[in-house]
Amino acid sequence: MVQFYSPNRRSVNRGIISVTADNLDAQGQGIARHQGKTIFIAGLLPGEQAQIQLTEEKRQFAKAKVVKRLSDSLHRVAPHCPHFKVCGGCQQQHVAAELQVKTKASVLEHLIQRETGVNISAHPVIRSPEYGYRRRARLGLQYHAKQRTLLMGFRQSQTNDLVNIQHCPVMRPELEQLLQPLHQCLNSLHAVKRLGHVELVLAESGPLVVLRHLDPLKQADKEILRIFSVQYNVAIYLLGEEKSLEPLIEEQTAPWYQVNGLKLVFSPQDFIQVNDVVNQQMVAQALAWLDLQPTDRVLDLFCGMGNFTLPIATQVQATVGVEGVAELVASGQYNAQLNKLNNVDFFHENLESDIHQQPWAAQGFNKVLLDPARAGAAGVMAHIVKLAPEKVVYVSCNPTTLARDSKVLLAAGYHLVSVRMLDMFPHTGHLESMALFSSEPMDIE
């Protein structure tokens, strides 16, 4: 996510000042000016006037809290979640969805223009419904000795304290309705004081729960969990150690999801995109941008379990996926066989090391897709240029590293043809995007 201020903080104690916000940043903070200084104010929207108090100050900017809001913006809406402002999961439920999307797209456009000199629109935005979109969520578990009860929820903003979650409207409804009965179930376990976290995932095959427990579970606890599993039609997996995932019931169906008409089986610990609606659109957009042809050879870097690789393989001569996590590579290979795709090869390689000696690097490709982590893809950009592909699609969860890596392609003569903002996490400051580069100028919708 974009940060416009340094994390180095200096606390201040100043009097009350009055300001009017004139903009919003990607984190949902109002931006105001006072005596030549930019001030970031949590909870204040453009056009709203407020009395504020500075909490952190630098030479050119500061942060502040609202003491009293004096007017309300037309873009201010009532949050759906009763835990909003306490739970650290969402920061912008008070902001109308259209303003959230417009702001994040504007931030992306500004950053690309500032870093690369290219003026380009990030519209139309790829988005989903603003609520009920999360198909995966991890909640912390903590036994509260004084209250003699289990806390289950997300962290408060900037603290390690848990907020006991009763509702979470950004979750898929099938998961949200499990929150209260799951809490009651876990609170009844003998091992309630020795639980780490619980993860809820919604697969096409149904909801599943991954329970991290710090000590071996006794048979009585397993029976309580088995009854819950049957009653709520939930597959439960036990995680005694980080790598020791075991199904509670051996005959449980392996979870899977669909993308572009393919069935992708995954382990509950595998990474899958949290927002299925955005993921479907994102994959479709990437395939359209690549303009896939039967003779194409396509390279997919940081490929995960094949979310892009396998759909690409249905339309081209050959596809190669490269990924640093062995378990994801194994899932990709399994799903290639499951979907009868014989033109796919997966390689388990560290793309942050010297890639020139890696076996895939000796092959030729005419189109490339990459979907790196927040650190970006600095280690592979020079090799992509060396491959001289016709088109490159870059999927990014960090616009700062997207802008940085874009400079390598632009310096090599590539054209930045199109950009899309991906609103993968409504009500949060996460800003995801994708960009199309072409070796030749082109017009694209």
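The model is predicted: local features need pLDDT of at least 70, side-chain atom pairs count only at pLDDT 80 or more, and totals for chains, interfaces and linings use all residues. Residues are numbered from 1 along each chain as its sequence is written, and side-chain values use heavy atoms, with hydrogens and water left out. Helices (H or I, at least four residues) and strands (E, at least two) are DSSP runs, numbered from the N terminus.

**Backbone features in loops**

- The peptide bond from H123 to P124 is cis, with omega near -5°, and P124 lies in the loop that runs between α1 (97-116) and β7 (136-144).
- N233 is not a glycine, yet its phi is positive, at about 55°; this residue is found in the loop between α4 (219-232) and β12 (235-239).
- The relative accessible area of N233 is 64%, so this residue is exposed (buried means under 20% relative accessible area, exposed over 50%, and partly exposed in between, with a 1.4 Å probe and protein chains only).
- F302, also a residue other than glycine, has a positive phi near 55° and sits in the loop between β16 (297-301) and α6 (309-313).
- F302 counts as buried, at 18% relative accessibility.

**Packing of α8 and α9**

- The axes of α8 (residues 378-387) and α9 (residues 399-411) come within 9 Å and cross at roughly 20°; axes are lines fitted to C-alpha atoms, for helices over the stretch in contact, and angles run from 0 to 180 degrees between N-to-C directions.
- The two helices α8 and α9 are therefore roughly parallel to each other (angles under 35 degrees count as roughly parallel, over 145 as roughly antiparallel, 65 to 115 as roughly perpendicular and the rest as oblique).
- A378, M381, I384 and V385 of α8 meet R404, D405, V408 and L409 of α9, where contact means heavy atoms within 4.5 Å.

**Nonpolar cores**

- The largest nonpolar core has 84 residues, of which L186, V198 and L225 touch the most other members; such a core is a set of buried Ala, Val, Leu, Ile, Met, Phe, Trp, Tyr and Cys residues joined through side-chain atoms within 4.5 Å.
- Helix α5 (residues 276-290) supplies the largest share of this core, seven residues.
- A second, separate core of 39 residues includes A122, L351, F365 and L431.
- Leaving aside neighbours within four places in sequence, V198 is in contact with residues including A137, L139, L182, L186 and V209.
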